[in-house]
Amino acid sequence: PEAQPSGVVPPTPIEVRGAKHIAKVYVFCPGREVQVQVNKISRHRFANAKEAEIVIGGALDGPNEVQFSTKKLEGGTGKEALSIRVYLMSEVAGVMPIKAFEYQVKEDGAVKPFGTENFVVDAATIAKLAGK
């Protein structure tokens, strides 16, 4: 039965034209589920994890939006540390990734259940990515 078609048409993926800058979203969320959306295109879900995923569509020149939501998982205390970051990756050998966005809470800190924040890719950031 599980191999039979469901009769539901899967959603059509959003067309993404070439990414301007390669970006990764990194989340450290012991005891929590974190959902992150970058530029209203790239959706990511992390649960009790320390992982990074490529941002679909990458980062754009100018302002970029990061939306996130957090919730405590069963077995979590709600007092664990939390980190959500977006890194810009260079295509030039030897150039380190640039931390473009960070939301971080130390142990016992108050974690926002959701939020919308921004980061900007400006000319100085683009020059660093190019190794200049």
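**Reading a predicted fold**

The accessible surface of the protein is about 8500 Å², and carbon and sulfur atoms hold 54% of that area. Areas here follow the Shrake-Rupley method with a 1.4 Å probe; for residues, only the protein chains shown count as cover.

This is a predicted model: local features need pLDDT of at least 70, side-chain atom pairs count only at pLDDT 80 or more, and totals for chains, interfaces and linings use all residues. Residues are numbered from 1 along each chain as its sequence is written, and side-chain values use heavy atoms, with hydrogens and water left out.

User: How many helices and strands does the protein have?

Analyst: Helices (H or I, at least four residues) and strands (E, at least two) are DSSP runs, numbered from the N terminus. Here there are 8 strands and 1 helix. Their order from the N terminus is β-β-β-β-β-β-β-β-α.

User: Which residues is I22 in contact with, leaving aside neighbours within four places in sequence?

Analyst: Contact means heavy atoms within 4.5 Å. With those neighbours set aside, I22 touches Y87, L88, M89 and E91.

User: What share of contacts in the protein between residues at least 6 apart in sequence join residues at least 24 apart?

Analyst: For the protein, that share is 65%.
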